[in-house]
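Morning, everyone. Let me put the structure up.

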Amino acid sequence: MNALKPYLLNILVFFPLLGTIVMLMYDQIVGKNEETLKKMALFFSSITFFASLPLIWWYNDPALIVNVPWVETLGINYHLQVDGLSLWLVLLTTFLMPIAILSGWTAIHDKVREYLAFMLVLETGMIGVFLAMDMIVFYLFWEVMLVPMYFLIGVWGGERRIYAAIKFVLYTMVGSLLMLVAIIALYLIHGENQAGGAKATFDMVTITQNLAQYNFLTPTQQFWMFAAFGLAFAIKVPLFPFHTWLPDAHVEAPTAGSVILAGVLLKMGTYGFMRFNLPMFPEAAHQFAVPIMILAVIGIIYGALVAMVQPDMKKLIAYSSVSHLGFVMLGMFAFTEMGMQGSLYQMLNHGVSSGALFLIVGMVYERRHTRQIADFGGLATPMPLFATLFLIIAFSSIGLPLLNGFVGEFLILIGTFNSTYSRAFAAFATTGVILSAIYMLWMVQRVVFGEITNEKNRHLQDLNLREKIILVPIVILIVFMGVYPSFFLNRTSEKVNEIRKVVETHKTTTPVATTN
């Protein structure tokens, strides 16, 4: 296995792309049979998942680092690396992709080859974003990921798919262009200052180290760069009030698109804040902390209240994402160890739980071709296993103890309470926990429990083998993350504390936090 280390990150990034090429170019091997194409896509995504598992023990191993010159005259390197910040997000991506492909097994019959090809290209882009340590390489993977998601929504989505796809692209493109401007500005300023005698470079590790050592950015430059990167990532999160593209994209996307969108794509915004904004612009981070925490709390409460009145299950889950991701932003900008660890953990929780909820909606939609809550009721009678797993996943989403959601929200609330910023943020955010229990359990009660009022629901088939294979591993992971969080937190603590120390060092008046 050790012989694989130097090649592992390249395998993770490009093996899904290889699957795309095989499916698109070799008809004589794959043929045009839908079933064969789906098995081929499942094979490539599953191998990628199993190949990513050793990262759990090998992360931070220097032997894994790939760093070779690409465009030497511009200081662009092909630099891939995994650390405690990206480890679980890479694993989350490789875990969810085979599940997403399985979720569309019987639902997608139109342009199957293209659909699966876009899914695998999307996986390459997502893994590339989390592993890239050169800003240009990061930006390229960020843009690569945009194209397949646009087509997944626009071609295989619902009735308003074109509107939702264009809205998704416009929002993301605006953010991307601002990020590109900031990347170029950072490159030029770093090059002009020749910090540490280094050459101009786009290498994120080098720039972060030089920023920490020489602090060559003026406060004004930090402010504007934080704003440019921050707006790009805030749109992707999406942080209130930049969230309006999300419900449309979720509602119109096919089930697999919603799973990947909620599970992974939204995490790129929060990941971007931790990778770029906090360690590179720590002084500006303090300036923006309170405004961002205010927006996060508004998002937590607003998202929960709007979710509560949604008649469409998918839209309810979409607005719940706005609320849950508000917790992620709140914990991150508390600048305490607990808050930041909870933020990173909550990224994983949301990816697993919300992805599972979209799968649940997709399963009932395949049976009844409706997502309206009013069309259901009493599903526990014909579908007892479905009802059981739905209830566990809903509990995980609202943060029931011993399930994954509890750990993340608990750490965030304690971490925010201990922050030197106002404790009122933690108090207001707690209302979001209560509201999430109301809207989520109310939905479960109306869909699963009670008498069967619609005869079309009386003889619905319970979960089949494919659906059990999809949901059971997710439920196992939900319980595992809830009862053994240290397995995950131990691997992120070093990197989180490293970022936190950089931020704390640049707090000019009082310490960032008095306690953990």
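Let's begin with His-369. This residue is exposed, at a relative accessible area of 59%. On that scale, exposed is over 50%, buried is under 20%, and partly exposed is in between, using a 1.4 Å probe and protein chains only. His-369 is not a glycine, yet its phi is positive, about 55°. Look for His-369 in the loop between α16 (337-368) and α17 (384-398). Helix labels follow DSSP runs: H or I of at least four residues for helices, E of at least two for strands, numbered from the N terminus.

A word on the basis. This is a predicted model, where local features need pLDDT of at least 70, side-chain atom pairs count only at pLDDT 80 or more, and totals for chains, interfaces and linings use all residues. Residues are numbered from 1 along each chain as its sequence is written, and side-chain values use heavy atoms, with hydrogens and water left out.

Next, Leu-402. Its phi is positive too, near 75°, and Leu-402 is a residue other than glycine. Where does Leu-402 sit? In the loop between α17 and α18 (404-417). Leu-402 is exposed, with a relative accessible area of 57%.

Now the cis peptides. Val-237 and Pro-238 are joined by a cis bond, with omega about -5°. Pro-238 belongs to the loop between α10 (219-236) and α11 (245-252). Then Phe-240 to Pro-241: that peptide bond is cis, omega near 5°. Pro-241 also lies in the loop between α10 and α11.

That's my list. Over to you.
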